[in-house]
Amino acid sequence: MSSTIGSYSLGYTGMSVNQTALETISHNLANVNTTGYSRQRTNTSEIVTSSAVLGTGVALDSVTRLRSTMLDRTYRSENADLYYYEAKSDTLSSAEALLGDFSTSTSDDSAEETGVQLAMEDFFSSWEELAKDLSSTSAQDTVLESATSLVDLVSEMDSQLQQLQEECAANVYESVDTLNDLATQVADLNSQIKLAETKGYTANDLEDQRDTLVDQMSDLADVTVNVQTDGTYQVLIGGVYLVSDDKTHTLVASGDGSANDPLTVTWAETGKTVGFSSGSILAQMEDADQSAVLTISSTDLPYDFDPSSASSIGELRQGLNALITTIAYKVNDLFSSGVELGETDTTNTNTTVFFINSGTGDGTGLNISNIQVNSALSSDSSLLAVSATGEASDGGIATAIAGLQDSDLLEVDGLSKSVDDYYTAVVSWLATENETTAGLVTTQESLTTQTNTDRLSVSSVSMEDELSKMIEYQTAYSASSKYLSLVDGLVSDIISLIR
């Protein structure tokens, strides 16, 4: 049996351990509303010596935080997917709103008709009017004005879509800087945690800060975490270490997303491309990619827009590029096939083209960024008066140009379409893609929220639970105190008898 003097240890350790438990409870309650805080619990064991029949008290083994590594891993994976879809949805919504800015509401039925369709209708109608009197100066001027309006409108749409892509590229640069900064902070916390645990201290609060930083990383990229035996984290992206102990590997963004200067994110040390599979950085990189916007040759027509394979703003811009380029090539072909009024040699076809490449001055290499109305026609609108026979009454070529509006000049998923139907299909793809992505955001939000709820059920502080534990530890502390007081009285009585 323990000696009377040794009994002091029972009361003392009981009071000491329960005091620490109460301090831990107090710390939990103080951080009940702190984001990222994990509730903590004291772990104890009995003190047993080989020479004692009974135990000699209680020992405080550790103060640990309640956290599920598995749920953390699942949450970060789901969160990376959520931020990927949200970034895609934001870009698509911006693009749809941009196209909406070019829409016009008709006064008769309030139905919304896109400005591009109205501009095309005005353009082709102007040729129909010109066909009635090729020598009409007002009709000639109307053709030039409507053509300029159409080209300017589509070009402006493309310019704003390109600006949207450039904003996505700028966001990639900003996000990469943020990710590098977060990695540096995690590496610094790794060092602090490792030092604290080496000295026998508890680093729970530092570990909470580190987990919060890793959660923020998962907004940007699909990070995975390996917990080392010394308590440090290894954070990886695509199997490559971003953080290892107190070391970091730096990410570098370069390029602007154009075909000549692709946007890439690489590892500074090796130059290898970072293997993103989710997160907002990947979504922004995809939307910043302008490589799909290519010059279309007249031999490439009819252009086929495939909604099932389109997935980014680049494909949307290429769809618009194909529309205006096809119109330009087809108008040029017909316009160049005629002769000017008064010309008797009908084999001497017109050498002037209607639409030109602003860079080369001819009708080759046309694309949405360089198409313009031939300035020679603007200087002398009489050059518009072309016919197959050279007669003023022969408006067949102008009529043929007007008829292009209803001709199947383009394709959508292999099906021939008129310019109006083609444009409607491109715009409808954007609306459908945006709606689909918004649905994915909603679904992913639900999954992420549920996973976060599950992990918070493990780590978050419950006021009721903590107060219940507080009463338990207070009672145990009080009991140990009374026991210690009793032992002290017995010892005093023994000392009095000896005297």
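In what follows, buried means under 20% relative accessible area and exposed over 50%, with partly exposed in between (1.4 Å probe, protein chains only). This is a predicted model, in which local features need pLDDT of at least 70 and side-chain atom pairs count only at pLDDT 80 or more, whereas totals for chains, interfaces and linings use all residues. Residues are numbered from 1 along each chain as its sequence is written, and side-chain values use heavy atoms, with hydrogens and water left out.

Strands (E, at least two residues) and helices (H or I, at least four) are DSSP runs numbered from the N terminus. Strand β6 (residues 233-237) is mostly covered, five of its five residues being buried: Y233, V235 and I237 lie on one side, and Q234 and L236 on the other.

| Pair | Bridges | Opposite residues |
|---|---|---|
| β5 (residues 223-227) and β6 | five | V227 and Y233 |
| β6 and β7 (residues 240-244) | four | V235 and V243 |

The hairpin of β5 and β6 has five residues between the strands, with G231 in the turn at a positive phi of about 90°, while that of β6 and β7 has two, and there G238 takes a positive phi near 60°.

Elsewhere, three strands form an open sheet of mixed pairing in the order β11-β16-β17. Because β11 (304-305) and β17 (415-417) stand at the edges with a single partner strand each, one side of each is left without a neighbour in the sheet.

Conventions: Two strands pair if DSSP finds at least two bridges between them.
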